[in-house]
Every structure is written in C-alpha cells, then in structure tokens.
Amino acid sequence: MSSIDAELDELADEFEVLGDWEERLQYVIDLGKALPPLTDDERSDANKVRGCASQVWVVTERRPDGRLAFRGDSDAIIVRGLIAVLLRLYSGRTPEEILAFDAKAGLTRLGLPNALSMQRSNGLFSMVERKIG
C-alpha cells in the first residue's frame, strides 16, 4: 500500500487534470457516490461527527495488524464526497501514520478549504479531528 503522501500526490494529480473547481467538485461528488452505505445501526450517535452542519457518520475499525479501516456516510452529497477523499487518505493506515500526516496542509494542497463554504470547510476539519475516534 502506498503512503498517505503518495495517495495525496495521486489525488492532487487527478484534481490537476480536471482543471476548474466545478469539475473537481463533481469528481468529489462522484467519489462519494461510490461509497458503500452504512447500516442503520452504524448511523448511531457514537459514530456521528460533531461540528458538521450535515449529518456525518464515521465508523472506525481496528484490523488485526493494527491498521485502521474507516467507512463513512453523510446526508449531503458534497460532504459524502469529502468523506471519500478522507477515507482514501486514511483507511488502511496505522494510527501513527495518520497522526504524522499534516491533514490541513494536505487538504489545502488539494484546494478543498478554499473551494468550500466556511461551514463546509469547518465540517471537513471536524471529520479530520475525528479520524482515530
């Protein structure tokens, strides 16, 4: 498996090819559409992310090798796409790899905070803070 930085490089390249932000946001939305849905039980208060205007749930599972697997969902299509981006960066990593990654710098490199409303940007960073949960 590639590193978080390598995955970020790949995402940045994909975003670069797309050009304008309308195409990039559509790509983020499409990534979100590919996420498998959570069960009703997984949409619990324990999995809910605080600080998001939308309903957001993130399920964290520790694998036998110590790596973390994440699944998530939202009632908002753009937020669902943002979850997909974060899952691509974080899922399958060790807690140490995740904590060592500068998420704010990485997401800024992708241009996401500037392309989102302040409320959505704050929600994105609330999801990042919840990452090890």
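I take a salt bridge to be a side-chain nitrogen of Lys or Arg within 4 Å of a carboxyl oxygen of Asp or Glu. I am working from a predicted model, where local features need pLDDT of at least 70 and side-chain atom pairs count only at pLDDT 80 or more, while totals for chains, interfaces and linings use all residues. Residues are numbered from 1 along each chain as its sequence is written, and side-chain values use heavy atoms, with hydrogens and water left out.

**Entry 1: charged pairs**

I looked up Glu10 and found its side chain in a salt bridge with Arg88, at 3.1 Å from N to O. This pair links distant parts of the chain, with Glu10 in helix 1 and Arg88 in helix 3, 78 residues apart. Helices (H or I, at least four residues) and strands (E, at least two) are DSSP runs, numbered from the N terminus.

Arg88 also meets Glu7 in a salt bridge, at 2.6 Å from N to O. Glu7 is in helix 1 and Arg88 in helix 3, 81 residues apart. Are Glu7 and Glu10 buried or partly exposed? I use buried for under 20% relative accessible area, exposed for over 50%, and partly exposed for in between (1.4 Å probe, protein chains only). Glu7 counts as buried because its relative accessibility is 12%. Glu10, at 42%, counts as partly exposed.

Next I checked Glu97, which forms a salt bridge with Arg67, the closest N and O atoms being 3.0 Å apart. Glu97 lies in helix 4 (residues 95-100) and Arg67 in the loop between strand 1 and strand 2 (68-74), so the pair ties together parts that are 30 residues apart in sequence. Glu97 is partly exposed at 28% relative accessibility. Arg67 is partly exposed too, with a relative accessible area of 28%.

I then looked for shared partners. Salt bridges join Glu7, Glu10, Glu14 and Arg88 into one network. The count of salt bridges comes to 12.

**Entry 2: rings**

I count rings of Phe, Tyr and Trp (its six-membered ring) as paired if their centres lie within 6.5 Å; planes under 30 degrees apart are stacked, over 60 edge-to-face, the rest tilted. That gives 3 aromatic pairs. Phe15 and Trp21 have ring centres 6.0 Å apart and planes at 80°, so they are edge-to-face. Phe15 is buried at 1% relative accessibility, whereas Trp21 is partly exposed at 27%.

Tyr90 and Phe101 are also edge-to-face, because their planes stand at 80°, with centres 6.2 Å apart. Tyr90 is in helix 3 and Phe101 in the loop between helix 4 and helix 5, 11 residues apart. Both Tyr90 and Phe101 are buried.

Phe15, Trp21 and Tyr27 form one aromatic cluster. I also found the charged end of Arg24 over the ring of Trp21, 5.1 Å from its centre. My rule here is NZ of Lys or CZ of Arg within 6 Å of the ring centre and within 35 degrees of the ring normal.

Which residues of helix 5 are buried? I found Ala103, Gly106, Leu107 and Leu110. They cover an arc of only 95° around the axis, so they sit on the same side of helix 5. The arc is that of the directions from the helix axis to the C-beta atoms. These buried residues pack against helix 1 (4-18), helix 2 (21-33), helix 3, helix 6 and helix 7, where contact means heavy atoms within 4.5 Å. Gly111 follows helix 5, with a positive phi near 85°.

In helix 7, the buried residues include Ser121, Leu124 and Phe125.
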